[in-house]
Amino acid sequence: MSESDRAAGLSSGGPATGVGAADVVPRARNTKRSYLATKLAYNIGRLHGLSLRLYLYRRIGMKVGKGCVIRRGVYLGSPNELELGDGSFVGRASLYCTGGVKIGRNVNVSDGVVIITAKHDVNSPSFEANYEPITIGDWAWIATNAIVLAGVTIGEGAVVAAGAVVTKDVPAYSVVGGNPAKVIGERKRQPFDYVPGSYRPPFL
Ligand SMILES: CC(C)(COP(=O)(O)OP(=O)(O)OC[C@H]1O[C@@H](n2cnc3c(N)ncnc32)[C@H](O)[C@@H]1OP(=O)(O)O)[C@@H](O)C(=O)NCCC(=O)NCCS
């Protein structure tokens, strides 16, 4: 198993051989750095004290905006590939960021969410791993236990309902649910006046 696979939380892999091996791992970069950052983030994520955790996350290369919350007990793979905008909240979720995860401002990522930029080519003889970035727009809400798969872009203000499995891009201000996630509603476009990162749940 390669270091980048470990950092991405993948179980197996084998050498990157064959035609286009370099192409199928377009953003698995800073491998040693990612692996080290993942190990450090695992321990940081268990410390008490939000300010301390945010300070240490920034020290290991994570881009965290102002007024954010990242709950204790989160799992962050390759946190140096994660960008979190001002005022955003990340619950006890699992973010596998090797391919690059960009989360906008005032986004709410609820407990139990899985965001994973890695996947395997099921037709590859070596079970080749590859990575695609995930982008989440400002004011989006990813509700409890939703799964967001590699390469997906979630539009501004969109809602991913609890338990949804998101395989395709989500339009701005739509509500999607189910597996695979489909549009089940619309969200009213309006000037929001809440900041998810100001929420302080117990056992933060
Ligand atoms: C997205 C959500 C808010 C929608 O709630 P809502 O607007 O009250 O929607 P409703 O309950 O009226 O349901 C509307 C339709 O969507 C369907 N639906 C609701 N939630 C769904 C879900 N998670 N997955 C799939 N379909 C869902 C309903 O069955 C209903 O379908 P119908 O019109 O065919 O009967 C809610 O489903 C949800 O995911 N809540 C998450 C709770 C959570 O994570 N809390 C953590 C707080 S940080």
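Student: What makes β14 and β17 count as paired strands?

Tutor: Two strands pair if DSSP finds at least two bridges between them, and strands themselves are DSSP runs of E with at least two residues, numbered from the N terminus. Strand β14, residues 147-148, is joined to β17 by 2 bridges, so the pair meets that rule. The two run parallel, and I147 has V165 in β17 as its bridge partner. Do keep in mind that this is a predicted model: local features need pLDDT of at least 70, side-chain atom pairs count only at pLDDT 80 or more, and totals for chains, interfaces and linings use all residues. Residues are numbered from 1 along each chain as its sequence is written, and side-chain values use heavy atoms, with hydrogens and water left out.

Student: Which sheet do these strands belong to, and what is the strand order?

Tutor: The sheet is open and has 5 strands, ordered β3-β6-β9-β14-β17, with parallel pairing. β3 (75-77) and β17 (165-166) are at the edges with a single partner strand each, so one side of each has no neighbour in the sheet.

Student: How many helices and strands are there in the chain?

Tutor: There are 3 helices and 19 strands. The helices are DSSP runs of H or I with at least four residues.

Student: Why is R71 called buried, and why does D111 get another label?

Tutor: Buried means under 20% relative accessible area, exposed means over 50%, and partly exposed lies in between (1.4 Å probe, protein chains only). R71 has 8%, so R71 is buried. D111 has 28%, so D111 is partly exposed.

Student: What makes D111 and R71 a salt bridge?

Tutor: A salt bridge needs a side-chain nitrogen of Lys or Arg within 4 Å of a carboxyl oxygen of Asp or Glu. The closest N and O atoms of D111 and R71 are 3.0 Å apart, so the pair qualifies. D111 lies in the loop between β8 (108-109) and β9 (114-116), and R71 in the loop between β2 and β3, so parts that are 40 residues apart in sequence are tied together.

Student: How many salt bridges does this rule give?

Tutor: The count comes to 3. One of them joins K119 and E132, at 3.1 Å from N to O. K119 sits in strand β10 (residues 118-120) and E132 in the loop between β11 (129-131) and β12, so this pair links parts 13 residues apart in sequence. Another joins D86 and R105 at 4.0 Å, so this pair is still within the 4 Å limit.

Student: What makes a group of residues a nonpolar core, and which residues have the most contacts inside the largest one?

Tutor: A nonpolar core is a set of buried Ala, Val, Leu, Ile, Met, Phe, Trp, Tyr and Cys residues joined through side-chain atoms within 4.5 Å. The largest has 42 residues, and Y57 and I154 have the most contacts inside it. Elements that give two or more residues to this core include α2 (31-44), α3 (50-59) and β12 (134-136). A second, separate core has 5 residues, among them Y96 and I116. In soluble globular proteins, nonpolar side chains tend to be buried together.

Student: Why is L52 called partly exposed?

Tutor: L52 has 40% relative accessibility, which is between 20% and 50%, so L52 counts as partly exposed. L52 is placed in helix α3.
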